[in-house]
Amino acid sequence: LGGKFKDLIEHTNIAHRAFDFGTPNSESSNSLCTLDLGNGKLSALKTELSTLTTLSILILHGNGLVGISPKTLIALSQLSWLELHDNSLKSIPDELGLCACLRGLTLHNNNLTRAPDCLSSLTDLAMLTLHNNQLEHAHADDDHETQTGAARESCDEPSFGSQLAHLDISGNHLRTLPLS
């Protein structure tokens, strides 16, 4: 089977298994569209994940992730769906805003205290879940305004993308609501 089998691989699901990336094979990684590492007992992502530049769906829910590498997000700019719920994330790197194709993002059941700064950059985002975190503000910029006592003069008010059809921010400690 060799190379022909590798060319046929478009979706890989290794949920519920401990996972070690090892060294990726460039032939198989060039055609992978979906990678499901859900419930994989990951505490960190290997840098090799950034070689999977054709990924459009990445499922990382239910692991022990405490952070995401900005370099990985830069390399995975073709993502249209990213599942990061049920981890231990405290923040999301701004580089997520470079994933211009992102339409679905699940961040619920983490330890986020601020909404990611990059959300307003994700103009195609249609679905966002942030429920059951520790958010006090729906936008990170709202938190900045509260701390400084003044609105940011150099930027317009933050907003979610115009395509957003589903937003779940329940189960947080919100003091303000999203502006749009």
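His-85 is buried, at a relative accessible area of 11% (buried is under 20% relative accessible area, exposed is over 50% and partly exposed is in between, with a 1.4 Å probe and protein chains only). The model is predicted: local features need pLDDT of at least 70, side-chain atom pairs count only at pLDDT 80 or more, and totals for chains, interfaces and linings use all residues. Residues are numbered from 1 along each chain as its sequence is written, and side-chain values use heavy atoms, with hydrogens and water left out.

**Overall fold**

- The protein chain contains four helices and seven strands; these are DSSP runs numbered from the N terminus, with helices being H or I of at least four residues and strands being E of at least two.
- Along the sequence the elements of the protein chain run α-β-α-β-β-α-β-β-β-α-β.
- Of the 180 residues in the protein chain, 41% are buried.
- Among contacts in the protein chain with a separation of 6 or more, 38% join residues 24 or more positions apart; a contact means heavy atoms within 4.5 Å.
- The protein chain has an accessible surface of about 9,300 Å², and carbon and sulfur atoms contribute 50% of this surface; areas come from the Shrake-Rupley method with a 1.4 Å probe, and for residues only the protein chains shown count as cover.

**His-85 and its surroundings**

- His-85 sits in the loop between S4 and strand S5 (104-106).
- A polar contact of 2.7 Å links the side chains of His-85 and Thr-106; the term covers a pair of N or O atoms within 3.5 Å, where within protein one must be able to donate a hydrogen and the other to accept it, and residues adjacent in sequence count only if both atoms are side-chain atoms.
- Not counting residues up to four places away in sequence, His-85 touches His-61, Gly-62, Thr-106, Leu-107, His-108 and Asn-110.

**Trp-81 and strand S4**

- Trp-81 belongs to strand S4 (residues 81-83) and is partly exposed, with a relative accessible area of 29%.
- Trp-81 and Leu-58 are 23 residues apart along the chain, and their C-alpha atoms are separated by 6.4 Å.
- With neighbours within four places in sequence left aside, Trp-81 contacts Ser-56, Ile-57, Leu-58, Leu-102, Gly-104 and Met-127.

**Nonpolar core**

- The largest nonpolar core holds 34 residues, of which Leu-55, Leu-58, Leu-60, Leu-82, Leu-96, Leu-102 and Leu-105 touch the most other members.
- Such a core is a set of buried Ala, Val, Leu, Ile, Met, Phe, Trp, Tyr and Cys residues joined through side-chain atoms within 4.5 Å.
- Leu-105 touches Leu-82, Leu-96, Leu-119, Leu-122, Leu-125, Met-127, Leu-128 and Thr-129, with residues up to four places away in sequence not counted.

**Salt bridges**

- The whole structure has two salt bridges; each is a side-chain nitrogen of Lys or Arg within 4 Å of a carboxyl oxygen of Asp or Glu.
- Arg-114 is partly exposed at 37% relative accessibility, and Asp-117 is partly exposed with a relative accessible area of 39%.
- Arg-175 forms a salt bridge with Glu-136, and the closest N and O atoms are 2.6 Å apart.
- Because Arg-175 lies in the segment after strand S7 (166-168) and Glu-136 in the loop between S6 and helix H4 (140-148), the pair ties together parts that are 39 residues apart in sequence.
- Arg-175 counts as exposed at 55% relative accessibility, whereas Glu-136 is partly exposed with a relative accessible area of 35%.

**Backbone: positive phi**

- Most residues other than glycine have a negative phi.
- Asn-39 is not a glycine, yet has a positive phi of about 55°.
- Asn-39 is in the loop between strand S2 (34-36) and strand S3 (57-59), and is partly exposed at 27% relative accessibility.
- Asn-109, also not a glycine, has a positive phi of about 55°.
- Asn-109 is in the loop between S5 and strand S6 (127-129), and is partly exposed at 29% relative accessibility.

**Cysteines**

- The structure has zero disulfides, a disulfide being a pair of cysteine sulfur atoms within 2.5 Å.
- Cys-99 is in no disulfide, and the nearest cysteine sulfur is that of Cys-101, 8.4 Å away.
- Cys-99 is buried, at 0% relative accessibility, whereas Cys-33 is partly exposed with a relative accessible area of 29%.
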